[in-house]
Amino acid sequence: MENIDWKKLGFGYRDTDYNVRCYYKDGEWGELEVSTSATINLHMAATALHYGQEAFEGLKAFKGKDGKVRIFRMDENAKRMQNSCDGILMAKLPIEKFTAAVRLAVEKNIDFVPPYDSGASLYIRPLLIGSGPQIGVKPANEFLFVVFVMPVGPYFPQGFVPTNLVIYREYDRAAPQGTGKYKVGGNYAASMYEGQLAKHEGFSAVLYLDSREKKYIDECGPANFFGIKNNTYITPKSESILPSITNKSLMTLAEEMGLKVEQRKIPYEELADFNEVGACGTAAVISPIKGVYDSDNDKWFKYGEEPGDWSIKLYNKLRAIQYGDEPDKYGWVEIIE
Ligand code: PLP
Ligand code: COI
């Protein structure tokens, strides 16, 4: 294993030693296989390549002060992948297959889990693709599930430092009743153009409004949105956003810490009322937002150069559970011995 400067890790691809694979053929999922190859052999007519029949997940493992490695809420990711499978007609992967593959991928690459004091973690990327050939637009009858991992640092290079988001009304990430609620590749292809544009213009991500009316806040390109005002944690309710496991966890923690929690439509105008806003997700953790720029109206909503008090408290609480500094009273982590 090469020497890794754990504290300097960004969020990027990196080879590790092993990945775990499972094939679906003749109507059933096979056994888990461990591979040392970073490439897959794929039929040129695989539905994943032509028709975007693919879904992925993202979760993390953390090394505690006690040296133990903890995986965060993988059952939730397993369920979400099943939803994605239903959404785009892929063979549904059993929950136990998913969790066994994740466990095995972490165990086999245990040396790549960053040390406690680095603040980094092991990102786990499960991927399920239609691998069987079709040329008509219909589901494959063969599928491949792969889990690979890599050590990562913060998604937004600044880490826990507030950054700016941008609203562009001329781009949509997902249709109102489309695939936004599934974690499928097509959503990310659809958001890449404006995502790059935002980066080039100095923003960390796009903040999408609802595609139907452009009246309500939806989510960011790679993360959910939340705002805090009047001792209330407020996050969008929408059919076209990904149900974030981080957000779900933060809602639980916010309530426990004495905030009210509201999951509801958030009118665009309400951006003016929040004391703190943030983006949340596995990769993003909590990324505080210092400003939202409405590019169509040349208007800024500003929240401050430093992370807000509640964002700090929520961030610390979540990380404490993930790294095992605080008891896991919700049963969110699984320890890999
Ligand atoms: N929204 C989108 C579009 C995402 O890609 C992600 C990342 O997975 C999230 C939200 C956050 O979800 P989670 O907290 O489950 O990682
Ligand atoms: C994640 O947070 O796991 C994501 O999937 C975000 C992005 C890397 C797509």
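I take buried to mean under 20% relative accessible area. The model I am reading is predicted.

**Helix H5**

I looked up H5, residues 245–256. Its 12 residues reach 17 Å from first C-alpha to last, close to the expected 16 Å. I then listed its buried residues: Ile245, Thr246, Asn247, Ser249, Leu250, Met251, Leu253 and Ala254. At the start of H5, I found a side-chain oxygen of Ser244 within 3.2 Å of the backbone nitrogen of Thr246. After the helix comes Gly258, with a positive phi near 100°.

**Nonpolar cores**

Next I turned to the largest nonpolar core, which has 39 residues. Trp29, Ile71, Val102, Val106, Ile124, Leu128 and Phe145 touch the most other members. Helix H3 (95–108) is one of the elements supplying at least two residues. H3 gives the most, 5 residues. I checked Val106 and set aside its neighbours within four places in sequence. Its contacts are Ala61, Val69, Ile71, Leu122, Ile124 and Ile336. A second, separate core holds 22 residues, including Leu165, Ala205, Leu271 and Phe274.

**Salt bridges**

I noted 22 salt bridges in the structure. One joins Lys79 and Glu76, at 3.4 Å from N to O. Both lie in helix H2, 3 residues apart, about one turn. Is Glu76 buried or exposed? Glu76 counts as buried because its relative accessible area is 12%, whereas Lys79 is partly exposed at 43%.

I also looked up Asp172 and Lys214, whose closest N and O atoms are 2.3 Å apart. This pair links distant parts of the chain, 42 residues apart, and each partner sits in a loop. Last, I found Lys229, Glu262, Arg264, Glu270 and Asp273 linked in a salt-bridge network.

Definitions and conventions: Residues numbered from 1 in each chain as written. Chains lettered and ligands numbered in written order. Predicted model: local features only at pLDDT ≥ 70, side-chain atom pairs only at ≥ 80, totals over all residues. Heavy atoms only, no water. Core = buried A, V, L, I, M, F, W, Y, C linked by side-chain atoms within 4.5 Å. Buried < 20%, exposed > 50% of the residue type's maximum accessible area, 1.4 Å probe, protein only. Helix = DSSP H or I, 4+ residues; strand = E, 2+ residues; numbered from the N terminus. Contact = heavy atoms within 4.5 Å. Expected span 1.5 Å × (residues − 1). Polar contact = N/O pair within 3.5 Å; in protein donor to acceptor, adjacent residues only side chain to side chain. Salt bridge = Lys/Arg side-chain N within 4 Å of Asp/Glu carboxyl O.
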